[in-house]
Amino acid sequence: MMKFARQLSRALLAAALTAGSLLVPAGDTYAESAPIRVALYADIGSKYKSTVPFVTLQSAEAFTLTSGNEAALLPVPGNSRIRVSLDLYKVKVMETSSWQTAADAAKKLQSTSDKPQLFVTTRGGASVYQLYTAPYASEAAAKDGLARVNKAGLSIPEGQAAAVKGNKHLLAGDFATAQEAAAVLGSITDAGIDAWQVLASGADGGARYQVWAGEAVNDSELAALQAQAAAALPQLSWAAAAVSTPGLIIRTDAGLDWTSQGQAYHYVVSGSGAKFTASGNASGIQIAERSKRTYRGDLELSGLSGSLAVINVVPMEQYLYAVVGGEVSSGWPAEALKAQAVAARSYARAQGNKFDVANVVDTTLSQVYNGIGAEAPAITKAVDDTAAEVLISGGKVVEAVFSSNSGGRTADPSEVWNNGGDPFVSVPSAEDKAAVGSAKQWYYLLLPSGVTGYAREDNIKLTGDKNAAGLSIATATTKDVNVRPLPVIESSANPVGKLNPGENAVVLDQVYENGSYSWIKGPYTSAELLKSLAGKTSNSLPSSIVSLQVTQRGPSGRATQVKANGEILQVKYPDLFRSSFGGLPSTLFDIVPSGSYTVLGADGKTATVSGSQTAGVLSASGKVSANASGTVVMGAGTAARVVTGTSGFYFIGWGNGHGLGMSQWGVKGMADNGYDYKQILQHYFNNVTIVKE
């Protein structure tokens with residue numbers, strides 16, 4: 001532990017001398033490109049919320065921690081891990097000389113909402129492990145956390161009790177060097193008072209060293225601590241540190257791994273409005289908590305709405321290297337990658353400060369952004385070849401939205417969010433079929449047992465025979481072919497039956513495998529649909545859904561109105577039908593009841609027959625009655641289905657995503673057919689020009 005402290009002192013001493021040499025530009029375009037702010041972690045209210053107790057940073061090369069005024073405070077050596085958190089309310093669970101005791105308690109807390117943090121300090125030359133849960137945005141929240149900790153069944157050392165701690169500190173002095181601060185720090189901790197070195201930026205722009213003590217919740221606690229400290233160490237000038245004073249409290253983290261002890265510097269961002277930055281380098285900085293993704297540019301670290309905010313500030317073109325790689329495959333044609341680059345750049349440019357402290361976020365709420373790991377040479381070239389190019393309409397950059405697959409035709413704004421403007425119209429997108437390519441199709445089969453399901457075509461062959469209704473007969477090409485409930489292999493869904501060679505099945509239909517181009521979901525019961533619809537409609541829901549129909553469609557055929565039991569399901573905008581019905585891939589769908597069918601009579605009227613009813617059937621021997629359950633119903637084409645005895649609803653649809661603007665698989669298909677990126681973009685976006693800005 002003492003060796004660790006000496007290394008820290010040497011590193012702090014060297015900071016002012018070496019930090020400047022560690023600021024390595026990420027590329028030639030770094031200084032030329034306008035940066036974009038990407039929220040990785042932040043609580044921005046209803047706009048975006050992704051929070052974490054701390055972040056663990058690491059880079060293959062050295063990087064620098066700087067203050068809000070860009071003063072270099074501290075170099076972080078290459079391949080070293082550091083942690084950063086926010087100085088908020090916390091619960092101090094225990095102190096112990098045993099790392100294992102603290103780690104065992106932390107393991108119990110790990111699965112709860114009260115996240116453990118373990119630090120180590122020295123007192124009288126011995127290591128002391130301090131276990132906390134944190135962070136809490138308020139004293140009340142911390143008290144609730146304390147109540148939960150006390151019920152967690154932890155083995156807390158005798159004579160101790162978990163307690164709420166705050167972010168009010170005593171200032172024990174300002175020091176010219178890290179060594180001077182370390183000497184004073186040792187005398188305070190030996191006196192039994194918690195204290196830490198703090199890094200702040202001095203008036204000259206260099207690092208300033210302070211020592212702060214205590215974690216008081218309120219001013220009265222702080223005053224009591226000041227009296228205790230003054231009595232124990234009267235030679236020091238004790239003062240209350242201003243809560244607004246920005247500083248990096250330096251602690252030693254001993255909770256990197258709960259199975260074996262490891263240590264790392266842990267920097268706690270303190271002070272109202274405090275902002276520090278991990279300045280980027282050529283290798284990028286990894287965030288372990290963000291799936292170990294590595295990011296170009298800088299990582300801005302601050303507090304927002306009572307949680308740690310991590311904003312990636314990165315040049316636009318370098319941001320696009322990762323965005324394009326996260327959105328589409330690097331193996332796609334170059335013209336498709338260029339089209340995606342221009343669309344993504346336009347979308348990002350059009351956002352403004354949509355997320356208050358950031359322009360965009362790193363999820364599909366904006367654009368997928370997974371850092372350097374998503375980059376590839378072909379994508380980098382596509383971005384560079386279209387550098388600064390954006391779509392313009394009416395003198396403004398177009399918010400060039402896109403989705404995975406439009407299912408054959410893109411959406412009209414009225415079918416999605418009821419807004420969009422002149423660049424967005426519904427256009428054909430036949431090339432969306434590029435998504436299925438050489439994918440296997442599936443046969444929809446009626447087995448001899450009366451069960452229906454799907455089997456992949458490479459396990460099935462047609463016998464050449466047909467039944468009396470003209471439907472083809474098929475058999476298996478190998479033993480025990482699984483017949484599945486939907487045209488896709490899902491480990492969570494058991495086969496509905498098996499088919500062996502020599503056993504015949506009736507082919508009701510042939511479909512593509514569930515994917516971005518086409519899909520089948522369900523059957524969903526009334527209870528499942530009502531649960532999914534809860535809170536998503538402005539009108540009351542029925543107690544049971546007996547009928548469900550698409551009663552209005554937009555220009556592309558997407559559902560814009562759906563009725564349940566004859567009553568309109570009122571949603572805020574049509575695209576909400578995707579989440580309202582259990583997370584459908586798109587709103588370009590048909591609804592098929594599993595337990596009923598509709599009959600068109602000679603008088604032009606329709607009637608619904610359920611699986612529990614009998615129906616009149618006109619056969620060669622005259623009119624007879626038959627149970628509707630198990631009936632094969634043939635549509636206007638060659639497709640057929642079987643009516644089951646149970647109620648439910650299938651959703652049969654096309655496309656993946658909202659469908660507005662550019663269809664990514666359509667772009668790929670057009671590029672395969674020889675179109676260049678400008679032709680592709682001008683097909684999907686109406687009356688736009690492509691310019692460099």
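Strands 26 and 27 form an antiparallel pair, held by 5 bridges. The model is a predicted one. Across this pairing, Y443 faces A455 of strand 27.

- Strand 9 covers residues 126-136. Of its 11 residues, 8 are buried, so the strand is largely enclosed by the rest of the structure.
- Strand 8 (residues 116-123) pairs with strand 9 over 8 bridges, in the antiparallel sense. T122 stands opposite S127 of strand 9.
- The hairpin of strand 8 and strand 9 has 2 residues between the strands. There, G124 adopts a positive phi near 65°.
- Strand 7 (residues 89-96) also runs antiparallel to strand 9, joined by 6 bridges. T96 is placed opposite Y129 of strand 9.

**Aromatic pairs**

- The whole structure contains 14 aromatic pairs.
- The ring centres of Y444 and Y454 lie 4.7 Å apart, with planes at 20°; planes under 30 degrees apart count as stacked, so this pair is stacked.
- Y444 sits in strand 26 (residues 441-446) and Y454 in strand 27 (residues 452-456), 10 residues apart. Both Y444 and Y454 are buried.
- F589 and F651 have ring centres 5.4 Å apart and planes at 75°, so the pair is edge-to-face.
- This second pair links distant parts of the chain: F589 is in strand 37 (residues 589-593), F651 in strand 44 (residues 649-654), and 62 residues separate them. F589 and F651 are both buried.
- F589 and F651 also belong to a cluster linked by ring pairs, together with Y524, F577 and F581.

**Arginines over rings**

- R251 lies over the face of F119, 4.1 Å from the ring centre.
- R290 is placed over the face of Y41, at 4.5 Å from the ring centre.

**Helix 4**

- Helix 4 (residues 178-190) has 13 residues. At 1.5 Å a residue it should span 18 Å. Its end C-alpha atoms are 18 Å apart, which agrees.
- Which residues of helix 4 are buried? They are A178, A181, V184, L185, I188 and T189.
- Viewed down the axis of helix 4, the buried residues fall within an arc of 135°, so they line one face of the helix. An α-helix has 3.6 residues a turn, so residues three or four places apart point the same way.
- G192 follows helix 4 and has a positive phi, near 85°.

**A loop residue: N673**

- N673 lies in the loop between helix 11 (664-672) and helix 12 (677-684).
- Is N673 buried or exposed? Its relative accessibility is 54%, so N673 counts as exposed; the cut-off for exposed is over 50%.
- N673 and E431 are 242 residues apart along the chain. Their C-alpha atoms are separated by 8.8 Å.

Note on methods. Residues are numbered from 1 along each chain as its sequence is written. This is a predicted model: local features need pLDDT of at least 70, side-chain atom pairs count only at pLDDT 80 or more; totals for chains, interfaces and linings use all residues. Side-chain values use heavy atoms; hydrogens and water are left out. Helices (H or I, at least four residues) and strands (E, at least two) are DSSP runs, numbered from the N terminus. The expected span of a helix is 1.5 Å times one less than its number of residues. Buried means under 20% relative accessible area, exposed over 50%, partly exposed in between (1.4 Å probe, protein chains only). The arc is that of the directions from the helix axis to the C-beta atoms. Rings of Phe, Tyr and Trp (its six-membered ring) pair if their centres lie within 6.5 Å; planes under 30 degrees apart count as stacked, over 60 as edge-to-face and the rest as tilted. A charge sits over a ring if NZ of Lys or CZ of Arg is within 6 Å of the ring centre and within 35 degrees of the ring normal. Two strands pair if DSSP finds at least two bridges between them.
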